[in-house]
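Student: I would like to work through this model with you, one question at a time. Please give the criteria behind each term as it comes up.

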Amino acid sequence: MTTETLAARAPRADLAGRRLRLGMVGGGEGAYIGGIHRFAARLDDQYELVAGAFDVSPERGHAFAARNFIAPDRSYDSYQAMAAAEAARPDGVDVVAICTPNFTHWPVARAFLEAGIDVICEKPLTATLADAIALTDLAERTGRFVGVTYTYSGYPMVQEARAMVARGDLGDIRVVQVEYPLEWMATGIELQGNAQAAWRTDPTKNGRGGSIGDIGTHAYHLAGYVTGLRAEAIAADLATFVEGRALDDNAHVMIRYQGGARGLLWSSQVAIGQSNGLRLRVFGAKGSLAWGQEQPNELAFTPLFGAPVTIKRGRDDLTEATRARTRTPPGHPEGYIEAFANLYAGFAAAIRARGAGRPAGAAAEGVPTARDGLKGVAFVEAVVDCHEQTPFGWVEPQFA
Ligand code: NAI
């Protein structure tokens with residue numbers, strides 16, 4: 001499809017007054033993240049799932065579609081067939097969610113962007129930097145929306161942390177500590193039939209960064225999202241602890257941020273006892289913040305010379321963007337699904353606003369887009385390059 005045809009499809013004034021029509025690639029039976037996307041898309045009633053190429057196996061994909069009440073003529077053998085057919089329908093999908101392994105993100109995104117359809121893409125944006133550049137470039141050239149599901153930026157208290165840093169509550173940022181340890185790949189489960197681990201440990205499907213690409217990219221985005229800091233240089237030490245594994249399963253990265261702040265990022269797939277231990281701590285000249293995704297309704301703030309304060313989700317004195325990401329009163333816990341739904345709400349607001357030529361509003365403030373995804377892939381590539389190429393300058397301590 002040509003750029004002229006794309007221009008003819010936009011802006012879509014008919015988006016007002018109806019749910020967005022959502023398609024999905026991947027996310028079929030037994031897949032992980034596709035189900036989370038479907039829950040998230042339903043939570044605010046902004047989307048209706050109407051089409052999909054849900055599985056790499058067409059038969060399994062059709063069976064899954066039937067169980068999920070997708071019309072048979074909108075369950076497709078392939079994403080290519082889906083992009084072409086949906087673009088040709090007057091009631092075709094407005095946006096497609098890409099929930100497939102990393103190496104497919106770019107070809108799938110390309111098919112839909114070229115068909116004039118907006119994209120919600122899983123992280124990492126792509127498996128290679130060249131693909132990420134091409135995807136971002138195509139999105140910007142065609143004027144299509146590409147949202148990237150950096151899940152953790154959807155949490156209300158992450159939003160509040162971001163607002164506090166921007167407001168100067170912490171003063172100049174000095175130190176950023178972020179870690180994302182997981183335990184699920186502490187043994188060679190990729191050789192024992194675990195589908196998710198199998199592609200994640202295959203460089204041709206996952207990309208060059210193992211733990212750093214899979215979860216380090218979340219940690220890197222979270223740190224940058226909250227602090228607004230941009231990396232100036234990184235130094236990295238990767239390790240592979242599980243025998244025979246082709247990619248890193250543990251990474252330590254030192255980050256020098258522009259302006260002088262220092263960061264330390266740890267990602268690990270072999271951290272026994274850590275179910276989902278994403279944690280961020282930010283230390284400034286006037287105070288510090290701490291947030292962890294296993295207790296996401298609370299944000300710890302300690303002012304210089306002051307007592308530690310626990311800031312709780314749902315209170316009326318939080319910022320508008322934080323309150324826009326909150327659905328239940330304080331004391332009723334919200335979590336992962338709601339955070340994911342906040343991204344979907346932000347994407348919907350951005351897509352609708354663009355269609356109508358108006359500002360997107362608080363719900364879409366800071367929602368991750370292709371350019372954020374590109375930064376994430378560039379970070380992963382830099383980490384692996386550093387580990388592989390740079391003589392790091394290790395120094396053996398005396399009396400070790
Ligand atoms: P998975 O292995 O559980 O599911 C992948 C699905 O894609 C399967 O249904 C498979 O049949 C399908 N698929 C593969 N190639 C296809 C094709 N050409 N056409 C149609 N379907 C195809 O993988 P998982 O764990 O759900 O990960 C998928 C993506 O989501 C990855 O990029 C991963 O990094 C990301 N992810 C993001 C998370 C987040 O927190 N935002 C959490 C987990 C995964």
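Student: How many of the residues of α2 are buried?

Tutor: The model is predicted, so local features need pLDDT of at least 70 and side-chain atom pairs count only at pLDDT 80 or more, while totals for chains, interfaces and linings use all residues. Residues are numbered from 1 along each chain as its sequence is written, and side-chain values use heavy atoms, with hydrogens and water left out. Helices (H or I, at least four residues) and strands (E, at least two) are DSSP runs numbered from the N terminus, and buried means under 20% relative accessible area, exposed over 50% and partly exposed in between, with a 1.4 Å probe and protein chains only. On that basis α2 is mostly covered, the buried part being 8 of its 11 residues.

Student: Which elements do the buried residues of α2 pack against?

Tutor: The buried residues of α2 include I33, G34, H37 and A41. With contact taken as heavy atoms within 4.5 Å, they pack against β1, β2 (47-53), α3 (58-67), β3 (95-99), β4 (118-121) and α12.

Student: Which element gives the largest share of the lining of the largest pocket?

Tutor: A pocket is an open set of points on a 1 Å grid over the protein atoms alone, where a 1.4 Å probe fits and protein lies on both sides within 12 Å along at least five of seven lines; lining residues have an atom within 4 Å of a point. Grid points are joined across faces, edges and corners, and the volume, the space filled by probe spheres set on the points, is about 1,200 Å³ for the largest pocket. Of its 47 lining residues, the closest to the centre are Y32, C99, T100, P101 and W199. The largest share, 4 residues, comes from α8.

Student: Why does the pair of Y220 and F379 count as stacked?

Tutor: Rings of Phe, Tyr and Trp (its six-membered ring) pair if their centres lie within 6.5 Å, and planes under 30 degrees apart count as stacked, over 60 as edge-to-face and the rest as tilted. Y220 in helix α10 (residues 211-227) and F379 in helix α13 (residues 370-389) are 159 residues apart, so the pair links distant parts of the chain, and both residues are buried. The pair is stacked because the ring centres are 3.8 Å apart and the planes are at 5°.

Student: Which aromatic cluster includes F340 and Y344?

Tutor: The rings of F340 and Y344 have centres 6.4 Å apart and planes at 25°, so this pair is stacked. Both residues lie in helix α12 (residues 336-356), 4 residues apart, about one turn of the helix. F340 is buried at 0% relative accessibility, and Y344 is buried at 1%. The cluster is formed by Y47, F145, Y336, F340, Y344 and F347.

Student: Which residue has its backbone nitrogen 2.7 Å from a polar atom of the side chain of E334?

Tutor: E334 is placed in the loop between α11 (320-323) and α12, and with a relative accessible area of 5% it is buried. Leaving aside neighbours within four places in sequence, its contacts include P156, N297, R313 and T328. The backbone nitrogen at 2.7 Å from the side chain of E334 belongs to R327.

Student: Is D249 buried or exposed?

Tutor: D249 is found in the loop between β7 (231-239) and β8 (250-257). Leaving aside neighbours within four places in sequence, D249 is in contact with residues including S211, F241, S267 and Q269. At 0% relative accessibility, D249 counts as buried.

Note on methods: Polar contact = N/O pair within 3.5 Å; in protein donor to acceptor, adjacent residues only side chain to side chain.
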